[in-house]
Amino acid sequence: MCGIIGYVGDRPCRDILFQGLRRLEYRGYDSAGMSIITDGRFGLLHSVGNLDNLEAILDDLDDTGTLGMAHTRWATHGRPSTENAHPHTDCSGRFAIVLNGIVENYLTLRAELQREGHVFTSETDAEVVAHLVERAYKGSLREAVADAYRRMEGHFTFCTIAVDEPDVIVGIRKETPLVVGLSDGESFVASAVPAFLAHTRSVVFPEDGEIVVVKREGVEILDLDGGAVERPVQQIDWDEETAEKGGFETFMLKEIHEQPAALADTLVERISPDGTVVLDGLGLSPEVIRELRRVVIVACGTAYYAGLAGRYALERWARLPVEVEVASEFRYRDPVIGPDCLCVAVSQSGETADTLAAMRLARQAGARVLAVTNTLGSQATREADGVLFTRAGLEIGVAATKTLVSQILAMLLLSLYVGELRGGLGTDRVREYTEELRRIPAQLSDYLEDGAAAHVEDVAARYASSSFFMCLGRDIGLPVALEGALKLKEISYIPTEAYPAGEMKHGPIALLEDGSPVLVVATDSHVYDKLVSNMQEVRARGARVIAVASEGNESLAEMVDEVLYVPRTDEMLMPLIAVVPLQLFAYYVAKRRGEKVDQPRNLAKTVTVE
Ligand code: AGP
């Protein structure tokens with residue numbers, strides 16, 4: 001999952017391209033490159049490592065050219081190196097390409113092209129595109145791109161420039177993101193909107209297999225045979241400021257503090273004045289919802305844990321059987337799914353390859369598909385019958401935070417809505433829950449402003465040198481514990497296990513020794529007493545218990561080593577709040593160990609390959 005940006009206009013584009021790459025760095029940061037056409041020739045730059053290294057050599061590139069492309073890479077084929085960095089060029093040096101995604105049949109194409117005398121200079125799958133375009137070119141870059149596309153298998157987006165056509169960028173997508181930005185006298189093409197948000201919010205989203213011919217005057221969208229295709233110009237409501245750190249030291253910390261706003265925005269117009277839930281755009285009529293026999297939730301990573309929290313609510317409030325599936329397993333398991341089933345796909349980016357494939361599989365089997373996503377125009381919005389948008393705004397930190405809480409909120413709203421429609425919940429009970437939900441953004445804002453973070457930082461400092469962590473939870477607290485563990489693994493790289501607390505005595509408790517830190521989600525709930533015995537169990541083996549607890553639960557303080565108090569709310573809504581101290585704990589442990597929390601090693605924000 002790489003980041004692509006292209007510019008054509010009247011302004012020298014070297015720095016515009018570089019700033020665009022900075023906005024895309026969360027997509028991949030192990031090598032980068034840029035190519036600009038100046039006076040009919042390519043200027044090319046390649047660097048290894050994050051963008052600081054490209055910035056260091058930027059002056060080697062002529063800065064007068066007004067058309068160019070740049071790329072930041074997350075290696076899939078070929079190790080991070082200058083040879084493998086994009087843009088790639090062909091044998092004649094007349095074409096340059098950048099690609100995001102994977103060309104699955106690249107070995108076949110490479111061998112075929114080598115037999116015809118093409119010389120390859122990298123180990124990547126992407127380089128075949130430059131040679132395919134070179135071979136197909138007969139005076140029209142658009143036609144050459146169409147020919148290349150017809151020969152390629154996989155999921156990818158690529159853009160091409162040519163010295164013979166110095167006023168145009170030609171791009172095409174297949175199951176990976178591509179967006180065009182339009183402004184007065186200049187145009188942009190990119191993997192994601194933040195790349196050019198500083199210049200325009202007018203965007204066009206082409207579909208798979210549609211060619212974009214991008215010029216300073218605007219964009220032409222054509223099908224593979226050159227037929228014109230109409231696509232609407234949409235306005236993005238994110239402002240450029242969201243792409244800045246807003247005075248915080250990192251994007252992750254900023255986004256943790258943006259969670260009250262993300263929840264408040266995701267609630268807007270979804271609770272009617274009489275307290276019932278209103279969800280538009282689901283693509284599901286009340287009759288269909290009443291007919292449903294089961295729900296399958298598909299997702300990856302943090303989104304999977306949001307789905308897990310959703311299961312507790314959907315089963316409890318709508319009395320529907322729910323399975324939560326890791327998308328990369330679901331898609332190859334030949335699962336039993338059909339028309340009486342609702343498939344809910346949770347994905348903040350809406351571009352995660354495994355989740356998209358799981359959606360397609362469910363749809364082909366006749367299931368209804370609902371996407372819960374944070375990204376307008378993403379592939380998930382195209383693959384689904386309906387969309388429930390979270391409104392967390394742009395999330396740049398690779399470790400998801402505000403998109404998680406807004407996903408959990410979306411799942412809770414969906415569960416209240418379906419629960420009332422199916423008679424699992426009475427309207428009065430729904431009103432009580434929505435009343436409580438309305439209070440949460442302010443409760444969380446107070447919690448973050450009242451120095452909670454400082455207390456968590458102090459506690460984290462005492463455990464930052466640990467070599468292992470355990471996270472425990474029960475019932476709807478389990479997804480919170482699982483997410484807390486994922487955050488610790490993602491950004492501090494400390495091996496961390498998470499378990500249902502009741503499962504410890506069946507094996508995992510053997511991992512504990514004197515001083516082992518165990519984080520426990522122990523907020524008030526109908527299983528709280530069981531959790532107390534589990535905490536005593538692990539303390540009896542010498543573990544040090546750090547408990548997330550409901551405000552006012554003083555008695556717990558005597559039973560554990562550290563308490564992270566959170567505002568009180570209904571146990572079913574508690575994940576929206578209780579996950580925050582675990583995010584902060586992971587953050588401050590990682591910070592204390594000097595890790596780059598916004599760009600964790602080996603990870604990328606959007607996983608567009610399987
Ligand atoms: C979470 O911090 C990670 N970035 C990762 O697990 C992420 O949740 C996963 O890749 C799913 O992404 P999505 O929500 O965009 O589909």
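Student: In what order do the five strands of the open sheet come?
Tutor: This is a predicted model. In it, the order is β21-β20-β22-β23-β24. The pairing is parallel.

Student: Which are the edge strands?
Tutor: They are β21, residues 496-500, and β24, residues 562-566. Each of them pairs on one side only.

Student: And the twist, what does it average from one strand to the next?
Tutor: It averages 20°.

Student: What holds strands of a sheet together as pairs?
Tutor: In general, strands pair through backbone hydrogen bonds, either parallel or antiparallel.

Student: OK, how many bridges join β22 to β23?
Tutor: Five. β22 covers residues 517-521 and β23 covers residues 544-550. The two run parallel.

Student: What stands opposite Val521?
Tutor: Val548, in β23.

Student: Switching to helices. Which strands does α16 touch?
Tutor: Helix α16, residues 478-492, packs on the sheet and touches β20 (469-473), β21 and β22. Its direction makes about 175° with that of β21.

Student: And α17, which strands does that one touch?
Tutor: α17 spans residues 528-539 and also packs on the sheet. It touches β20, β22 and β23. The direction of α17 makes about 160° with that of β23.

Student: Back to β20. How many bridges join it to β21?
Tutor: Five bridges, with the strands running parallel. Leu472 stands opposite Tyr499 in β21.

Student: What do β20, α16 and β21 make together?
Tutor: A β-α-β unit, and it is right-handed.

Terms used: Residues numbered from 1 in each chain as written. Predicted model: local features only at pLDDT ≥ 70, side-chain atom pairs only at ≥ 80, totals over all residues. Heavy atoms only, no water. Pairing = 2+ DSSP bridges. Helix = DSSP H or I, 4+ residues; strand = E, 2+ residues; numbered from the N terminus. Axes fitted to C-alpha atoms, helices over the stretch in contact; angles between N-to-C directions. Contact = heavy atoms within 4.5 Å. Right-handed = clockwise from strand over helix to strand, strands pointing away.
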